Amino acid sequence: MRYLTASRGISGNDQISQFLKVDKIHRLRSFFKEAALNPADVLLGWGFKKNTQKTRKRALQEGVPYWALEDGFISWLNHPTQDKQRLSLIVDKQGIYYDCSAPSGIDYLLRDTNSVSLERAQCLLMQVNQLNISKYNQARCESPDWFTGLFNEQSEQSYILLVDQTFGDCSIACAAASEDDFKRMLQWAKNEIVRDDNAHIIIKTHPDVLLGNKKGYLTKQLEACDSRIHFLGEDVCPSRLINGANQVATVSSQLGFEALWKNKPVTCFGWPFYAGRGLTQDLAANKLPYDRPAASLLQLINTALIQYPTYMHPDSKQPCEVEDIIDFLQAHFISRALQCEKLLVHDVSLWKRSFIPEFIANSASKLNYTSGAAGKSLVETDNCAGKHLLWGMKSPDLSQRKDIWRMEDGFIRSVGLGADLRRPTSLIVDDLGIYYNGKRASRLEVILNDCLLNDYEYQRTQKLLTVIQQNAITKYNVESTSGDDLACLQKNAQGRDIILVTGQYQQDLSMQYGTLDIKTNMALLQKVSQQYPSAFIIYKEHPDVYSGVRPGKLDVATVLQYANEYVTNINITNLFTISDRVCTICSLSGFEALMRGIKVSTYGLPFYAGWGLTDDYLSISRRKRTLSLLELVYASLVLYPRYVNWSTRRLTTPESVIQQLSIERKHAIVLKSSWLSRQNRKVRYLVQSLFSGIWGRS
């Protein structure tokens, strides 16, 4: 089978070849000199645009299929003029969704009721609405002052949203509509607001018009507008604009479909694919040429968002499900929540400069570095516009300042230790504090106090938790274990409850900011041995310490006065399998144990304590809710950290990072590498960053 097209844009697009799973799309250079087509050949074109007419005609003449290609309904992280990675592609073998002259692939799919998953469609719809997802998902501007002034929560004003479209868009003619239908739509809206003095009309133009690439229809009629008809030219979030509308009217725009997602009354003046199915008020001037199958909203969601397009994951370049794309978009939305024009990064090493830019690229337009003590450089730049980024709890005396962001390693970091210069796949950026400082609020604590999960998020978190358990994922993903080691430990326990006490690096900042009464590993051991005198206690040394990367290893003989076993190079996830309880001051191991269903006792102020999931020696009054494990995991692993795929150097999801780390861990990596290998790794990462065009930008 050969795939052929007259379009240079299609034949030269590697992504489209990937979507179609072919090595090459051949170019038809002449319709008059080209050799005859084979019966197995397929002709491709972009939708039903005018420049596809010859291709479609030839396909009909020679009896070969014509497949129409189009962007899916959720297709871009940014606007396509600003982005290179298409997220979805429609390959329609029957027609194309916006052509109302004959059935399209959507109609054929709707007739197959056996493949409908309404529960999945309902969950997907919840998340799409919650994240305000659209076809294009670039960072949007805030609503203009006049708009928020008119349509705020206290105002009695309401509005009908009219959707303008680009002049000459073939979806208009294919919807059996014309310029006259835009005039009819405007007149209809004027008639609607006559009955209500508080009602207004908002005319929203297409993003392509905003970019100056194309013209609109309704923009021509602005001079005739009265004081209650407003033109909204800013690139505001379409979903939020729809949320505030009483009604939405369109000729054939996808925004009408997106308005249906939010259960808004939609009036159509042409025949878009979602009209004529019992979901819209249809005021088209011409009759629909064929009988469309009726559909519920969830049936249409299932067909148009789940079945009809093909989705491609930006990380793997492999087909994926729509949910994977939704999660990928959310990862970028999370990073956009923190925004500044200029970000000054204070007192970080060249090593950290090699990976910081990818994590904060979505949050700052300009990135500069300053050297010297963070406190001193902050005073010198006190009057500079922008924000200041500090690593961890450097300059704690500046914690009350509102322009401080703090950064730290995430909870699923790497294969190998950070102290061994292994590049992180996740980092935290916190504008309130940092998660390991339990003495004051962090952004994570605020999220945990406020977040309520929907069904989609519960299902996603359960899958994420399962993957973490099955792949034995931890922060560093190191260490080896012999089955004999575990069997020996269990034998020595002689049926007693096994308590795992996890040591921490004594000079770590978490031991300074996450402790109160019990501040040392030895004090923890003594307390646990007092509380559980009949238990079999295993003390596990921190990997940074026993690997020799950092000092502070406890004396074995002293440890064995309070513990039954002292272990080092045993995988902690395997130790979890034989442990009845984990006791820790504030180590991340407590969180990792919770994710395996193990009882956890805390003796400090870790982020996962105080929510009703752990037995806590201390209380934290700021934490006001009882959480489920899934709520804790979702907030801590999805909403709080940022993840980077180092193959693409772009933000991604925890699921994608876990997949990468699981593959990477299969290769033999020693816990502690040599000094020379660490320096080689540092130089390599610095060079990669320099050539990526991000490092040190300003």
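I start with Val-345, which stands opposite Leu-389 in E16. Before going on: this is a predicted model, where local features need pLDDT of at least 70 and side-chain atom pairs count only at pLDDT 80 or more, while totals for chains, interfaces and linings use all residues. Residues are numbered from 1 along each chain as its sequence is written, and side-chain values use heavy atoms, with hydrogens and water left out.

Strands (E) are DSSP runs of at least two residues, numbered from the N terminus. Two of them pair if DSSP finds at least two bridges between them. E14 and strand E16 (residues 387-391) run parallel and are joined by three bridges. Strand E14 (residues 340-346) also pairs with E15, again in the parallel sense, over six bridges. There, Lys-342 stands opposite Lys-366, and His-346 opposite Thr-370. Five of the seven residues in E14 are buried, meaning under 20% relative accessible area, with exposed over 50% and partly exposed in between (1.4 Å probe, protein chains only).

The sheet is open, has seven strands with mixed pairing, and its order is E15-E14-E16-E17-E18-E25-E26. E15 (364-370) and E26 (650-652) are the edge strands; each has a single partner, so one side of each has no neighbour in the sheet.

Now the loop residue. Thr-280 lies in the loop between strand E10 (266-268) and strand E11 (281-282). Buried or exposed? Thr-280 counts as buried, because its relative accessibility is 14%. Beyond its neighbours within four places in sequence, Thr-280 is in contact (heavy atoms within 4.5 Å) with Leu-260, Val-266, Cys-268, Tyr-274 and Ala-275.

How values were computed:
Helices (H or I, at least four residues) and strands (E, at least two) are DSSP runs, numbered from the N terminus.
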